[in-house]
Amino acid sequence: MGQLVYGTGDARVRLDDRTLAHVKTIALMKLRRNESFALTVRQDSTTDGRTTLWLHPAIALQFSFDSDEVGEMDRALLEGFMHEANTGEVVVHATTGDDATTGSPKR
């Protein structure tokens, strides 16, 4: 389970490392172009709720991974996230530490 830290550190979102790596790739591509977008994290199946962050190039963003391993990127997942980012909002699903599933684009 990695962590996305946004702004001054008050906003922290826990995601599995694989999902976080995909979000990082998309965020860096968009922010490098000075393009902002919303990132919504839906809670796991045992908890209701969601958190939405407005990702903007002027606001500090940190990706903290629990593992040193860099896994292979899923091209379809990246393309889905990029499509969502280009339309304004990426939606991912938070997972518990025991859950190996990844975030997935909303359908």
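A crossing of two helices is left-handed if the near helix is turned anticlockwise from the far one by less than a right angle, and right-handed if clockwise. Helices (H or I, at least four residues) and strands (E, at least two) are DSSP runs, numbered from the N terminus. This is a predicted model, in which local features need pLDDT of at least 70 and side-chain atom pairs count only at pLDDT 80 or more, while totals for chains, interfaces and linings use all residues. Residues are numbered from 1 along each chain as its sequence is written, and side-chain values use heavy atoms, with hydrogens and water left out.

Start with the whole chain. Two helices and six strands are present, in the order β-β-α-β-β-β-α-β from the N terminus.

Next, select α1 (17-32) and α2 (75-87). Here α1 passes α2 in a right-handed crossing. Contact means heavy atoms within 4.5 Å. Among the residues that meet are Val 23, Ile 26 and Met 29 in α1, and Leu 77, Leu 78 and Phe 81 in α2. The residues of this contact comprise eight nonpolar, three polar and two charged; Ala, Val, Leu, Ile, Met, Phe, Trp, Tyr, Cys and Pro count as nonpolar, Asp, Glu, Lys and Arg as charged, and the others, Gly among them, as polar.

Last, select Leu 39. Which residues does Leu 39 touch, not counting those up to four places away in sequence? They are Leu 4, Val 23, Thr 51, Thr 52, Leu 53, Leu 55, Val 90 and Val 92. Across the chain, residues 24 or more positions apart account for 62% of the contacts with a separation of 6 or more.
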